Amino acid sequence: MLGFTRAQAIGFVAMVAVIIIGPAVLYPVFLMKVLCFALFACAFNLLIGYVGLLSFGHAAYFGMGCYVTAWTAKNLGLSAELAILLGGLTGAGLGAVFGWLAIRRSGIYFAMITLALAQMVYFVCIQAPFTGGEDGIQQVPRPPLFGAISLQSDMAMYWLVAGVFLLGFLLIHRIVHSPFGQVLKAIRENEPRATSLGYRTDDYKWVAFVLSCFLSGIAGGTKALVFGIATLTDVHWTMHGEVVLMALVGGLGTVFGPVAGALILNGMENYLAQFGSWVTVTQGVIFVLCVVAFRRGVIGELAAALRLKL
Amino acid sequence: MLETVGLTKEFRGFAAVTDVDLRVRAGTIHALIGPNGAGKTTCFNLLTKFLQPTRGRIRFKGRDITGCNPAEVARLGLVRSFQISAVFANLSALENVRLALQRARGGSFDFWRSEDVLHVYDGQARALLEDVGLGGFADTPAVNLSYGRKRALEIATTLALDPQMMLLDEPTAGMTHEDVDRVVALIRRVRQGRTILMVEHNLSVVEGLCDTITVLTRGRVLAEGDYATVSANPEVVAAYLGRADA
Ligand SMILES: Nc1ncnc2c1ncn2[C@@H]1O[C@H](COP(=O)(O)OP(=O)(O)OP(=O)(O)O)[C@@H](O)[C@H]1O
Ligand SMILES: [Mg+2]
């Protein structure tokens, strides 16, 4: 089915089932947050897991997606799908420029440049008038979908978010299993060899980078409409840290890992909130545990135990 | 076919390759030999533009390629293998070869299309794997192949590009006797219509296979000619003995 392995197809059906049943059991707003972050984590995983590129600056594309969607929805009265799409295109445009600057470097230098550029975006956001500085853009209305379908109720919004997430998830799956994806995997496995076969590897990495930034922007834009707010937190590097943690806890380079990671970390944040700063401490411990003992992450370890590709 | 003039590469003042004038005639197998650290791999890196020469020019098929990038050089039909076996470890043998065949589509930037379109190359890929004795390993991940088979896979991948000229860096290094024989037989079979430049430490392989030999020591050409001429050269003997002592 759709190029999934049998185990992945079962996993996918299970995931869709959870998405459909979920709001009957848990708060829709919580689930929407999970789905936005899951898409963001999947976009990040596309780079690290399938191209071997470690970006430190994905908060910039996510955050700018938030701002642009929020601003256009509030001030231009764009319909929901257009506002979100513009958020994604903003991420892609920014990614196209930043990627072009960063991709020539590899390893830690690539990571540092993406971080430096993202910090620049953060400082621009503090100063620029359109972001609302410390206050952010608040009270963003949820514009109707296609200008017709109201998204005022959380359930209506939930189905939109679920749809966006599933489309993004399937797009990533297609990218990974396309002729383009084959070349990406070759680059991840052995870049000089891919070059020696005549592939301009920088161009492939750049396209993958832009695609990842596009999806990050989409995730950011969707989140802005869910909560009706876009703030500096969304562009801050700690946002990037969270998404790295999600991908890592779930399992880098696995299809479902980032989704599981998003669920686990957002769940902790939500349901352990009463314990205050202990959440951060627990997250730190989990991070260390993952790096030291469970490198493959929850889904990665599960897949290894079951000898499956998940 | 391939010609260099005054090719020189310095790493921070250390000259790894100095003033090398190399002429590889079309249709021949040309060996580049020399003690460890002589600059053979560096030469390959220069020829395929993985390194930028400090000085000198490189011409391939009469065309100056000194300013090209590595991917362009490969597209012109000058394809290299690597000293450390270079396969795509977590991809299957079939996928490895197919990645080279896939080059025939031009760029592969179509991320919206299913990889099923690549199945048109499966037959060709299987035939190539058969050719190098890997017929039964099409679906094996490259990482699980033995060392000799990895090298064979690398050659199959290189051949898949149907290059006019191949640069092979120590294709038989670290192989068992049978594997060496298999690779030598393979090179003999595929030399038809191709030019090959190879680095090789195994002198019996060189003797049996190569038309011309260039001996490199400390980055300079020490001698050139056929096997008999070169092996009779006292300087070459000294260089090799020197290496044995070291
Ligand atoms: N990137 C580099 N930076 C600095 N020095 C280098 C670099 N690459 C190679 N060298 C040096 O250049 C010299 C030639 O190296 P090269 O790898 O070309 O030798 P070789 O003839 O291929 O040897 P071997 O038989 O061991 O493969 C060596 O002394 C090596 O240390
Ligand atoms: Mg070498």
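I worked on a predicted model, where local features need pLDDT of at least 70, side-chain atom pairs count only at pLDDT 80 or more, and totals for chains, interfaces and linings use all residues. Residues are numbered from 1 along each chain as its sequence is written, chains are lettered from A in the order in which they are written, and side-chain values use heavy atoms, leaving out hydrogens and water.

**Count.** I searched the whole structure for salt bridges (a side-chain nitrogen of Lys or Arg within 4 Å of a carboxyl oxygen of Asp or Glu).

**Entry 1.** I looked up Arg113(B) and found its side chain bridged to Asp110(B), N to O 2.9 Å. I then checked accessibility (buried is under 20% relative accessible area, exposed over 50%, partly exposed in between; 1.4 Å probe, protein chains only). Asp110(B) is buried at 6%, while Arg113(B) is partly exposed at 38%.

**Entry 2.** Next came Arg189(B) with Asp131(B), a salt bridge at 3.8 Å, N to O. Arg189(B) sits in helix α6 (residues 177–190) of chain B and Asp131(B) in helix α4 (residues 122–131) of chain B, so the pair ties together parts 58 residues apart in sequence; helices here are DSSP runs (H or I, at least four residues), numbered from the N terminus. Both partners are partly exposed, Arg189(B) at 48% and Asp131(B) at 41%.

**Entry 3.** My last pair was Arg194(B) and Asp162(B), whose side chains meet in a salt bridge at 2.8 Å, N to O. Here Arg194(B) is buried at 13%, whereas Asp162(B) is exposed at 54%.

Definitions and conventions
Helices (H or I, at least four residues) and strands (E, at least two) are DSSP runs, numbered from the N terminus.
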